[in-house]
Amino acid sequence: MAKMLDQALTDEELDLLDQFLYSDAVGKDAMSLSMLHGYLTAILVGPAQVMPTEWLGQIWDKPEAVIFALPEADAIIDLVMRLYNQIADELAQEPPIYEPMLYWEDDTQQNSSIEEWSLGFCFGAGLAEEEWQPLLDEEEGQFMFMAIMSGSDDEMRADMEREGINLVQHDNEIAEQLPEMVLEIRDFFRNRQISEGGKHRLH
């Protein structure tokens with residue numbers, strides 16, 4: 001099992017996970033694949049050790065008991081855990097090869113939609129809200145978090161529209177900056193904690 005959990009997901013497996021998350025089995029308010037990617041990213045770069053027992057159940061709209069009773073449950077949970085470890089590996093590479101898993105507004109792949117990923121990231125940070133506060137107490141940290149949040153916060157987006165900001169252009173600019181911001185947030189918390197001890201790696 002340890003070897004399997006080390007393997008990055010194939011395109012076919014990502015499609016399978018995506019289809020499951022959109023199926024009736026999990027409920028209409030379950031996370032999308034992009035939201036899940038942002039959610040796991042925040043858990044991995046954040047300052048708190050959040051165990052799978054704490055975050056797995058938040059993915060689905062239906063109770064865990066319902067999800068875990070499904071015939072495909074073990075296979076799907078394995079895919080989620082492999083995605084978690086895949087993101088951890090991408091962040092750990094030197095240089096990091098991390099890229100957010102975003103959806104595209106059209107077939108040209110020029111207009112990215114950061115809403116789902118942004119929602120997931122903010123939700124993941126919210127699992128350890130108190131521990132994330134030091135980032136928000138720093139001007140640069142607050143700027144980065146608010147930039148990410150601007151992809152999904154309705155009130156912020158309405159304000160930007162009233163100010164004449166082109167939201168499509170804004171989202172594309174934020175999408176380009178996400179990998180760097182994610183790494184800077186990770187490094188911010190790393191610098192506050194002498195050693196993380198590889199706590200995020202699951203075997």
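Trainee: Which residues of helix 9 (residues 139-149) are buried?

Mentor: They are Gly141, Met144, Phe145, Ala147 and Ile148. Buried means under 20% relative accessible area, exposed over 50%, and partly exposed in between, with a 1.4 Å probe and protein chains only. Helices (H or I, at least four residues) and strands (E, at least two) are DSSP runs numbered from the N terminus. Please note that this is a predicted model, in which local features need pLDDT of at least 70 and side-chain atom pairs count only at pLDDT 80 or more, while totals for chains, interfaces and linings use all residues. Residues are numbered from 1 along each chain as its sequence is written, and side-chain values use heavy atoms, with hydrogens and water left out.

Trainee: Which elements do the buried residues of helix 9 pack against?

Mentor: Their partners are helix 7 (115-126), helix 8 (129-137) and helix 11 (167-192). A contact here means heavy atoms within 4.5 Å. The buried residues of helix 7 pack in turn against helix 3, helix 8, helix 9 and helix 11; they are Trp117, Ser118, Gly120, Phe121, Cys122, Gly124 and Ala125.

Trainee: How do you know that the length of helix 7 agrees with its number of residues?

Mentor: The expected span of a helix is 1.5 Å times one less than its number of residues. For the 12 residues of helix 7 that gives 16 Å, and its end C-alpha atoms are 16 Å apart, so the two agree.

Trainee: Why is the aromatic pair of Tyr39 and Phe123 called tilted?

Mentor: Rings of Phe, Tyr and Trp (its six-membered ring) pair if their centres lie within 6.5 Å; planes under 30 degrees apart count as stacked, over 60 as edge-to-face, and the rest as tilted. By this rule there are 10 aromatic pairs. Tyr39 and Phe123 are 5.5 Å apart centre to centre, with 35 degrees between the planes, so they pair and count as tilted. Tyr39 lies in helix 3 (residues 33-45) and Phe123 in helix 7, so the pair ties together parts 84 residues apart in sequence.

Trainee: Are Tyr39 and Phe123 buried, partly exposed or exposed?

Mentor: Tyr39 has a relative accessible area of 0% and is therefore buried, whereas Phe123, at 32%, counts as partly exposed.

Trainee: Which residues do ring pairs link into a cluster?

Mentor: The cluster consists of Trp117, Phe121, Trp132, Phe145, Phe188 and Phe189.

Trainee: Why is His37 called buried?

Mentor: His37 has 2% relative accessibility, so it counts as buried. His37 is found in helix 3. Not counting residues up to four places away in sequence, His37 touches Leu83, Ile87, Tyr98, Glu99, Pro100, Met101 and Trp117.

Trainee: What is the form of the peptide bond from Glu94 to Pro95?

Mentor: This bond is cis, with omega near -5 degrees. Most peptide bonds are trans. Pro95 is in the loop between helix 6 and strand 1 (103-104).

Trainee: What is the mean pLDDT of the chain?

Mentor: The mean is 88, and 89% of the residues reach 70 or more. pLDDT is the predictor's confidence in each residue, from 0 to 100. Among the elements, helix 1 (residues 2-5) has the lowest mean pLDDT (56) and helix 3 the highest (97). Over residues 198-203 the pLDDT stays under 50.

Trainee: How many helices and strands are there in the chain?

Mentor: The chain has 11 helices and 2 strands. Buried residues make up 47% of its 203 residues.
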